[in-house]
There are 2 protein chains.
Amino acid sequence: MENFVFQNPTKIVFGRGVEKDTGSETAVFGRKVLLHYGSGSVKKSGLYDRVCQSLTAAGAAWVDLPGVVPNPRLSLVRKGIDLCRKEKIDFILAVGGGSVIDSAKAIGIGVPHQGDVWDFYATRTLPVKQMLPLGVVLTIPAAGSEASNGSVITKDEGTVKRDAGGECMRPRFAIMNPELTFTLPPYQTACGAADIMAHVMERYFTRTTGVDFTDRLCEATLKTMVRNVPIVLESPNDYEARAQIMWASTVAHNDLLGTGRVSDWASHLIEHELSGEYDVAHGAGLAVIFPAWMRAVMSTDVRRFAQFACRVWDVDYDFAAPERAAREGIRRLTAFFKSIGLPTTLTELGVTDDRTDKMSKSAVERGLLGNFVKMDAAAVKKVYELARG
Amino acid sequence: MENFVFQNPTKIVFGRGVEKDTGSETAVFGRKVLLHYGSGSVKKSGLYDRVCQSLTAAGAAWVDLPGVVPNPRLSLVRKGIDLCRKEKIDFILAVGGGSVIDSAKAIGIGVPHQGDVWDFYATRTLPVKQMLPLGVVLTIPAAGSEASNGSVITKDEGTVKRDAGGECMRPRFAIMNPELTFTLPPYQTACGAADIMAHVMERYFTRTTGVDFTDRLCEATLKTMVRNVPIVLESPNDYEARAQIMWASTVAHNDLLGTGRVSDWASHLIEHELSGEYDVAHGAGLAVIFPAWMRAVMSTDVRRFAQFACRVWDVDYDFAAPERAAREGIRRLTAFFKSIGLPTTLTELGVTDDRTDKMSKSAVERGLLGNFVKMDAAAVKKVYELARG
């Protein structure tokens, strides 16, 4: 087990109807709010009106900035930074899923920064030290950005997708009402599930030894997903199952599960190239890339893959041939993704042309990928090839 | 699942040698420190000197208040409050286990309070709104007080043991080096384990439905204890196993595992009477009381006890007679406590006279106990009787 520092002060306000508390939670930090959201589905659902009522009741004023798209764009971030400066915004409220929150984080770190906000994303070497205070009303359980210290943004020109991070980037509060996720379409629900599971698995596949406790917490979180995702696909309005997924999405990525362990993140970064290049859903990309990454690296640590198989997927351990159990775990993960309606090959994802050379080179632009296995461009390319299907 | 608010801002600094950071973490909050500890074992071990060096290097001055005993006493708390006021203390540093931390919390809430600090403990109705900032150097994984919002104090006169709680009572930081626990005697290690497991089980046994995720996190934490406690009893210097237990002790009681669920706490309160009356170790008392409580209430929710048995203790579910599986879970918990050297009956605990009437009445002084089953004095008495052995 590695030494670690863990601190996650995000206040989680969870349950039925909790969006009514948005105003009072906001008023603790600011009175002039940037209200950031996506395509307008929050207006159709009535959530926008409820949030605005709550802000008004708490004496807060706001300026709207809608228009966040999946794989959120740098151009809107820049517009948001200008708007915040002009309107003297002192608080950002993100109403939406991971894309909206990540866009809000980028705006929040851009406002106090003298240079270009993309500097934080381009090199990963510039430390983020300040962010406008940010609150979240979460509508999609997936990215875990509501309590994480990271943000992923796509540069419009050249479709480059990059991440930035810093402890100051954790939201001050997250309003989480599982009822708001009843209307999520099945495909988006499944994509969110793949993202959540990937956040756990990026931490689970580690070379750090002596991590029994966090191993078990990871396994518990994965088993929760395996049980509850099929339930909500069958019964979208099942509050309890939606609630398990929503709370698991936060815990999967609030850093608890990674305490004392070196995490991997190669699959995420390999997928970022894919969704940057083809603008596919991040979760769908992960459902394709993660099993391929597993097949590429399994032989380097059969024991860990066998543990994953036995503890998460109830595979019978094969004492004579542990690699059989290990392989069966990957097979069951893949079958699970299929069963919830996700693609598990590039072809199924709709990627039929070959840009693997370009993507492999771009993926390692900031350095080798991963920690479980360190990957250069050739190793990354192999993952894309295994994912071809 | 119930609506909940979860926020735990305690900064965890975990790993080998981290006590060297005590001074820099302290200096964020204060310069005039009350250094609170127990019997002096921290001096023998050299920890006291290392902490003082770190404080000096950070420019902090301190006043010593040693003498905390297990089941920490109100008299020393009062002395500490006077000392803090006289010396204009602006930060409390607790170096020790749960008793030292709980004593420090009581001092911390007593200093800004106009009336008697016992008011917070006597009635549980007076809200705690302010506490001097508190930091912890943890030496015993057990109470979870290093990140919890509670404190338990024993009134010297009449041996009354009571708890108080409030969100402001969470420590600002906890320095946690598993190496500091290598020298814990086996009995104290085992008592700590019983306390940790009880904190999980008090949350696990709930009537709240739709709590799959936290169920699994609880089970993961219990399994971690079941695996690692025997290892450290055999190899006290096993860093990895000590580390699992230490981190589990915090997570067991930092409120994550209780999110969205109504917890019970009857066993803790029934035990508080016991350790208040006989001054026995809290963990040993819990090893006696918890299985007795389970036998008293099992028939009211066989399904939950069967789940506990199957998922934590790998009991084969008995489809024809689920109560057999449920009973087997209680039997295995009891056998586990025995196997790690704990008493599981009042007789083994050294309690041979009969004060159950007095304790049962005192236990319900502030109201009925528990939520899984609401217990009056007669029900509490039955638990003591089942514990007799």
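Modeller: Two residues are counted as in contact if their C-beta atoms, placed from the backbone, lie within 7 Å. The model is predicted, with local features requiring pLDDT of at least 70 and side-chain atom pairs pLDDT 80 or more, while totals for chains, interfaces and linings use all residues. Residues are numbered from 1 along each chain as its sequence is written, and chains are lettered from A and ligands numbered from 1 in the order in which they are written.

Colleague: How many residues of chain A are in contact with chain B?

Modeller: The contact joins residues of both chains, and chain B contributes 34 of them. On the side of chain B that touches chain A, the classes are 15 nonpolar, 10 polar and 9 charged residues (nonpolar: Ala, Val, Leu, Ile, Met, Phe, Trp, Tyr, Cys and Pro; charged: Asp, Glu, Lys and Arg; polar: the others, Gly among them). For chain A, the number in contact with chain B is 34.

Colleague: Which element gives the largest share of the side of chain B that touches chain A?

Modeller: Strand 1 (4-14), helix 8 (212-234) and helix 9 (239-251) of chain B each give two or more residues to that side (helices, H or I of at least four residues, and strands, E of at least two, are DSSP runs numbered from the N terminus). The largest share is 10 residues, and it comes from helix 8 of chain B.

Colleague: Which residue of chain B comes closest to the rotation axis?

Modeller: A rotation of 180 degrees with 0.0 Å of shift along its axis superposes chain B on chain A, with an RMSD of 0.0 Å (least squares on the C-alpha atoms of residues with pLDDT of at least 70 in both copies). That is the relation of a two-fold axis. The same surface serves both copies, as 100% of the contact residues of chain B recur in chain A. With its C-alpha at 2.1 Å, the residue of chain B that comes closest to the axis is B:Pro9.

Colleague: In strand 1 of chain B, which residue is the bridge partner of A:Phe6?

Modeller: Strand 1 of chain A and strand 1 of chain B run antiparallel and are joined by 7 bridges (strands pair if DSSP finds at least two bridges between them). Within strand 1 of chain B, A:Phe6 has as its bridge partner B:Ile12.

Colleague: In strand 8 of chain B, what is the bridge partner of B:Val13?

Modeller: Strand 1 of chain B runs parallel to strand 8 (residues 173-176) of chain B, and 4 bridges join them. The partner of B:Val13 in strand 8 of chain B is B:Ile175.
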